[in-house]
Amino acid sequence: MITCYLKEGKFEEQSYQDFEEIARSVNTGREAFAAMPLDAIIQILDTLGKNVLKNPEINTLPGVSYISLWLRRENLDRICKVNYSDKRYLDGFCKNETNVLMMAQPRGIVCHWIAANMPTLGFFSIVQAVLSKNGSMVKMPKEYVPLVLSILRELPAISVEYEDKTYSGKTVLAAIAVVTFEGRSTEVSEKFSLAADCRVIFGGSEAVRAISHLPCRDHCETIIFGPKYSFAVFDQGYIESDGFKKALDAFVKDVAVFNQMACSSPHVLFLEKSRYPHETVTSWLCDAFERLPAALRNQQISSGLSANIINARARYLLSEGKNCVAPRDLGWTILIDQDINLEEPLQGKCIFTKEIGTVDDVIPLVNHKIQAVSIGILDPAKREAFARQVTSKGADRIVVPGTMHDFILPWDGIMTLNRLVRWVILKNNPASQV
Amino acid sequence: MPETEPVRTYGATTREKLLTQAPYASEDRQKEEELLPIIREQLKTARRNNRQIDDFFTKQGIDIETIQKPEDVPYIPVQMFKHFDLRTCPEQEIVKVLQSSGTTGGIPSRIPLDKATTINQIKALKSILSEYLGKNRKIFLVIDHEGINSPKLAFSARTAGVRGLSIYAKKTFYLLKEEEGKLSLNMPVIRDIVENYSHEDVYAFGFTYIIWTVFYEQLKKEGIQFTFDNFTLFHGGGWKKMQDLAVSKETFSDTIAEVFGTRPDRILDFYGMAEQTGIIFVDCEHGNKHVPCFSQVIIRDPFTLDPCDIGKTGLIEVMSVLADSYYDQAVLTEDLGVQIGVDDCPCGRKGRYFRFVARVEKAELRGCGDTFRESR
């Protein structure tokens, strides 16, 4: 059974047995939408970002203020520029340095499988499809449907002027459908997959493997944002710098946002030996955790996760050479040892800290599962050398504390918008025929 | 086994006194006053005899002398019995290490026992069971196969139940048999029971899920019904599977009471674990589990870890003064329960009373954050 919450721009809950009618409506909607100039689309999204911030029913919801920032025109222009080199490719054939004209055509219908870790992930995925003029059928966790719909509900009221023409958010909305269905149902999942011209898959290892093995059409492109792991490393100079305590505040926010369920959430913090003993740095880290806003510090967790954290704390307290520093509740946990390795994630704001001789000690630990490495290295040459080494071993993003979750493309090493379009050519007539 | 070990005296109240008095006669406050001095002394001994436990206290900056409430006693999560030696007496005093198979992870819990602890456990269990069975020994029916009690098998919740409850048995019968890993009715034994023991005092034990899916199902097919004059069933475990089958505790009690020709209030669910052998928390006739005087139960909020208000579901912590040989003074389980009240259960038993809610669901990593290991 498929439940559709948004189709043809209408927010109505309807049940379907298959995706035929939903896909047809998205295809119809995307024809008018694809004819819109990209700049007009960006203008609509920019207005959407401003409007959600003004709407008191939405603006306090988690992640909405970041959405508003992310939808700013300058940011979207930058994303398009990075991905397409020139926005005009989306609106028609353009000349370039070769002999042919090139254009970026949308792939068609993008089917999105949204993971359950981040409430606003579905929206970010939709916007990427919008910026590539694709239609979208979005399967998302049921609990996040209301949030994403509440943002999309702002679209119909938006109209923008671009080159003397008026463009409406309704046109954008008509190319989007939001659905839920039981992911374990192979039959429905196969139908969803077969409806796609492009599949965008977010999720853990099992989910990604299962979805990517579903049958799909020969031309279908599959973009996978699979399971990843992130960590942080700070060098001596950074730890001894004046701004270090502020950096720790930023770092614990990276730990706290999404309660460590995102692929960009850090699980281990490596600290280069400095003039401050490990205990001192740990106590600063404790203070930073306690300075978190209550909404981030006291995020509810499942009783299963509680048990895992309680067990980890006890293991470290009972083990020689290990320690655990934590408050009485499960707001956050620091697990300390000297083993130079990465640790299996616990989630729920549990950070493993380890003292290292030099930041280079962590380089052998990096592999292709590593997404973000938050580095605290002030010396530019050392930073770049470190970044070159860890990215060559597989890491995708080298960032600074406080920015681990910033949704900047490329993500997971992928230029998403570029993958969401087909690059087509128009060869010029030979000069003799002109 | 002789029961003449020297009695260890802790504070004003001896543990011996707690083990001989009526198990549910003390009010909660009085019980806490009696338990805390004993526990404090036990914790001091534990620190002296086990460096890991000493570390556990030191790293948390715990001063035993300042422990004034049961909830301040540092709890050890039950999983730690799988990973650490939680012995609290000198090694040469250990007479047996109980290995419990458990239900998760495959690693057994290791529970070291000395003589005194074993005796205390037997005394405690006798004290609890006497409340429900009276003083006399009875015919004991085990709703399981005989192999479950084999010393060759790892100790499991099922084994613990059979061995523990057998202390009241004058004769034991196994009502099931196992062939090629499948359980079925042990018909010759069942016929013998029906024909010769219906008018005797009988009590039985079985694993809830097995009673329902094997014993009851097959009895129904065979059209067998017992007609005991005086019968009590103790059952426990497998409630998650029962929930999956949508069988409530009430349905279970009503149906099984009919099978044995007894009243539903003689079908007694109990809660217990191998790590706290000797203590079982048995349902009273009002469906509440009571805490005996040598034990305490704290329901902790799964996030704040503070004791929950009455009526709020949380993690079950069980406390006990029975063990000198391992850390069972405060064990945090991976079960959820709810405290129903204190000292005022209509059944008349004093102290806290609670209900089991569910096992904690195993937490799996959510989202796209994942292991750092590369897949092959």
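This report walks through some strand pairings and backbone features of the structure shown above.

## About the model

This is a predicted model, in which local features need pLDDT of at least 70, side-chain atom pairs count only at pLDDT 80 or more, and totals for chains, interfaces and linings use all residues. Residues are numbered from 1 along each chain as its sequence is written, while chains are lettered from A and ligands numbered from 1 in the order in which they are written.

Four of the five residues of β1(A) are buried, so the strand is largely enclosed by the rest of the structure. Here, buried means 20 or more other C-beta atoms within 10 Å of a residue's own, exposed means 12 or fewer, and partly exposed lies in between, with C-beta atoms placed from the backbone.

Strands pair if DSSP finds at least two bridges between them. A:Ile2 has A:Phe181 as its bridge partner in β9(A) and stands opposite A:Tyr16 in β2(A).

## A hairpin with positive phi

β7(A) (residues 159-162) and β8(A) (residues 165-168) are antiparallel and joined by four bridges. Two residues lie between the strands of this hairpin, where A:Glu163 has a positive phi near 45 degrees. A:Asp164, in the loop between β7 and β8 of chain A, has a positive phi of about 65 degrees. A:Asp164 counts as exposed because it has 5 C-beta neighbours inside 10 Å.
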